[in-house]
Amino acid sequence: DSVPSQRFRDYSNDFSNDPLNYIGGVVIKADDGSVVINYPEQHIKNGVEKNKSTSLRFKKIVRIAKNIKVKMEQQNITSAKKISSFLIESLLWNVPNEIYKRYSSYSFIFDDVVQYLHSNISNIIYFKEINGIKFISDDGTERLEICRSFITDLQRFYEFDMDK
């Protein structure tokens, strides 16, 4: 898929009026007229850094979470239908690197990641998107509620799935 976009420059942290001191992004105008600002270059850079810092476990755990999301959707779990892949990846990006490196078993790592998210569910308001610039909550409280519901449902679903 491709989406028409325009280059965006954020000068909000430039206090020296330097025309070269900006954060680059893209602006996407949605069909409903709303404007979305994204930072794909930072997203890619931060994802690569996180993956390297976690001994290549971050991307694998993200893939596992997205696969479990599909299973949850098949079970008609509403939160799984509402959450985007981008939000899942952003939530997992906020999990400390040490949690990804604690075990070699992906099952144990995933369990710790889910436990971390669940125990920090009230702090999600401070979580950033994987671009490291925008807060997950910047686009409104609806995104926060989607994230919180998904984390709660993910923990239940994962515990149930593991008990089988």
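How many residues apart are D153 and R156 in helix 7? They sit three residues apart, about one turn of the helix. Keep in mind that this is a predicted model. The two side chains form a salt bridge, with 3.2 Å between the closest N and O atoms. R156 counts as exposed, because its relative accessibility is 53% and the cut-off for exposed is over 50%.

**Salt bridges**

As a bit of background, side chains of opposite charge can pair when their charged atoms come close. This structure holds eight salt bridges, and here are some of them:

| Salt bridge | Closest N and O atoms |
|---|---|
| D112 and R102 | 3.0 Å |
| R143 and E129 | 2.9 Å |
| D153 and R156 | 3.2 Å |

D112 and R102 make a salt bridge that links distant parts of the chain: D112 is in helix 6, R102 is in the loop between helix 5 and helix 6, and 10 residues separate them. D112 counts as buried, since its relative accessibility is 15% and buried means under 20%.

R143 and E129 also form a salt bridge, and this pair links distant parts of the chain too, with R143 in helix 7 and E129 in the loop between helix 6 and helix 7, 14 residues apart. Both R143 and E129 are buried.

**Aromatic pairs**

Searching the whole structure turns up three aromatic pairs. One of them is Y103 with F108: the ring centres are 5.4 Å apart and the planes meet at 65 degrees, so this pair is edge-to-face. Y103 is partly exposed at 34% relative accessibility, and F108 is partly exposed as well, at 47% relative accessible area.

F110 and Y158 make another edge-to-face pair, with ring centres 4.9 Å apart and planes at 65 degrees. This pair bridges distant parts of the chain, from F110 in helix 6 to Y158 in helix 7, 48 residues apart. Both F110 and Y158 are buried.

**Core and surface**

What about the inside? The largest nonpolar core has 35 residues, and L91, L92, V113 and L117 have the most contacts inside it. Helix 2 (58–74), helix 4 (85–93), helix 5 (97–101), helix 6 and helix 7 each put in at least two residues. Helix 7 gives the largest share, eight residues.

On the surface, I125, Y126 and F135 form a nonpolar patch with about 300 Å² of accessible area together. Y126 belongs to the loop between helix 6 (106–119) and helix 7 (141–163) and is exposed, at 61% relative accessible area.

Technical notes:
Residues numbered from 1 in each chain as written. Predicted model: local features only at pLDDT ≥ 70, side-chain atom pairs only at ≥ 80, totals over all residues. Heavy atoms only, no water. Patch = residues over 30% accessible without salt bridge, like charges linked within 9 Å, V, L, I, M, F, W, Y side chains within 5 Å. Areas by Shrake-Rupley, 256 points an atom, 1.4 Å probe, with all protein chains shown as cover. Salt bridge = Lys/Arg side-chain N within 4 Å of Asp/Glu carboxyl O. Helix = DSSP H or I, 4+ residues; strand = E, 2+ residues; numbered from the N terminus. Buried < 20%, exposed > 50% of the residue type's maximum accessible area, 1.4 Å probe, protein only. Phe/Tyr/Trp six-rings, centres within 6.5 Å; stacked < 30°, edge-to-face > 60°. Core = buried A, V, L, I, M, F, W, Y, C linked by side-chain atoms within 4.5 Å.
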